Amino acid sequence: MTESPEIDRLKVLFAHSLGVEYGMISEDQGLMDSVAEGEGAAIELLYDRFGKLVYRMAYQLMPTKADAEDAVQEIFLRLWQSAGRYDSSKAALVTWVMLISRRHLVDRLRRQKVRPRPQAFDESWTLADQEQQHSGEISALLTERQQRLRERIEALPELQREVVQRAYLGGRTLREISLELDRPIGTIKSALSRALAGLRERVAEDEGLL
Amino acid sequence: MSNMTGEPGKQPPPHQLEEDLREFCVADAVGALSEKEQQNLEYQEAVSDPGVRKAMWDVREGVMKQLRADLPKVEPEASLKHRVLARVLRAVESDFVNSTEGRDLPSGSNTAMIKRNWLERFVGGRVSPVWRVAALVLLTISAGLFWNLTAANLLNKSMISIARDNETENFAKFVGPETLEYFLNPLVQHVPFKSIGEESDARARILYFPGEDHAFFLTKNLPILVEGEYFLRVETPSVDAIVVRFTPRGQITGIDFVVPSGVNPTTASWVITSSNTQNDEVKVMQNIS
């Protein structure tokens, strides 16, 4: 799938720069090899492919839009720094980018020790608060999506709900959650895994896939 | 896997590994691992076989899909792209300048980066094919010219060397191999001659080893006399004597002679004379003092 003829051309050039014919290597691997070399065009292509995704991830966890934009810059900086470690035989690039992004966002939350964007686990949080937080930036889709997420989380068993709210939305570590909830780490770990599986099932139900 | 938060240890049975490791991968994907737990997980991944590593990433991928589905549908500002690229490329340039390659560059200079990027773009094919072909043609022509000039130079030197060798060999045949030493030994002193009177292409030279009583007299293009011969005479305050009598044989004439005692060939006066009769001496050449 191609985004534009220009991006297609860049992809061919990236392949050629590695001395191979386009199609003989993973596009993702070729792109990240070029990013690791500091090639401006490759970094731009990386942003074109994943900038929106990374921004949405940052927007979900960061308390303000400015923090989200700062975080996006930091994440792409980290993507460049770690590009040499990417191996297309292990993971799709989107998974790798999201993992790097997620780790950075959670680290940033912990460093700043600020509350993330108000999420479902705060019982006092209302849709009105959310609209005020975004001050006009919010879209109807954001409200609707967040509402659905909140409902799905609310439907989980208590322990799973508590764990996923703290880990999934709050950026807490297993150990921190274990201390907060006074439960063994193994229990917390299992609860998180089951909670996410439950959320996936509910998404599938909502979309009529089950 | 109970040892995940401690030191990596013995591999647990596969089924236990699968569940425990899977849950850790889920937690990692959500960002719920501490830094140490993350490092332990990465170590576990590194020492696992490819199938396990792939499975670990599959678990992460599954969680990422879930995360992605829950993301807000917001769009970044267009200016964010410029800010991101500017920040990353500044870091790239700074990293390059601070590296070995760019150490001697002025702070902030991106000259080497531009050159490196240009070269990499050229070699990597990101320059138009027309320019690449033109550059290759120019390079080929330059290399050819250089080769030709070098080859011509070498050939010329070779030819000169061959000619010199031939001339020397011919001369040696004419004057004898033992006299060739006069021309090849750097210790030999030379006493050149010049023509007297009419301009001619006659040449003459005396060659000798300092301290020795023998010398070699060489002439070239002296006119061959119909009757009579040439004389080589030396004059000093104390000596006035004819040391050589000779008749030119062909173009070059070489004669070995005894230097009179007490005569320094370089400081003495030498003269070549011709005479049809003994009483009608004509000076033809004399040494250049």
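Guide: Buried means under 20% relative accessible area, exposed means over 50%, and partly exposed is in between, using a 1.4 Å probe and protein chains only. This is a predicted model, where local features need pLDDT of at least 70, side-chain atom pairs count only at pLDDT 80 or more, and totals for chains, interfaces and linings use all residues. Residues are numbered from 1 along each chain as its sequence is written, chains are lettered from A and ligands numbered from 1 in the order in which they are written, and side-chain values use heavy atoms, leaving out hydrogens and water.

Visitor: Why is A:Gln73 called buried?

Guide: A:Gln73 has a relative accessible area of 9%, and the cut-off is under 20%, so A:Gln73 counts as buried.

Visitor: What makes α3(A) and α4(A) oblique to each other?

Guide: They pack at an angle of about 135 degrees. Angles under 35 degrees count as roughly parallel, over 145 as roughly antiparallel, 65 to 115 as roughly perpendicular and the rest as oblique. The pair is therefore oblique.

Visitor: Why does A:Arg166 count as buried, and what is A:Glu180 called?

Guide: A:Arg166 has 18% relative accessibility, so A:Arg166 is buried. A:Glu180 has 41%, so A:Glu180 is partly exposed.

Visitor: Why is B:Arg245 called exposed?

Guide: B:Arg245 is at 57% relative accessibility, so B:Arg245 counts as exposed.

Notes:
Axes fitted to C-alpha atoms, helices over the stretch in contact; angles between N-to-C directions. Helix = DSSP H or I, 4+ residues; strand = E, 2+ residues; numbered from the N terminus.
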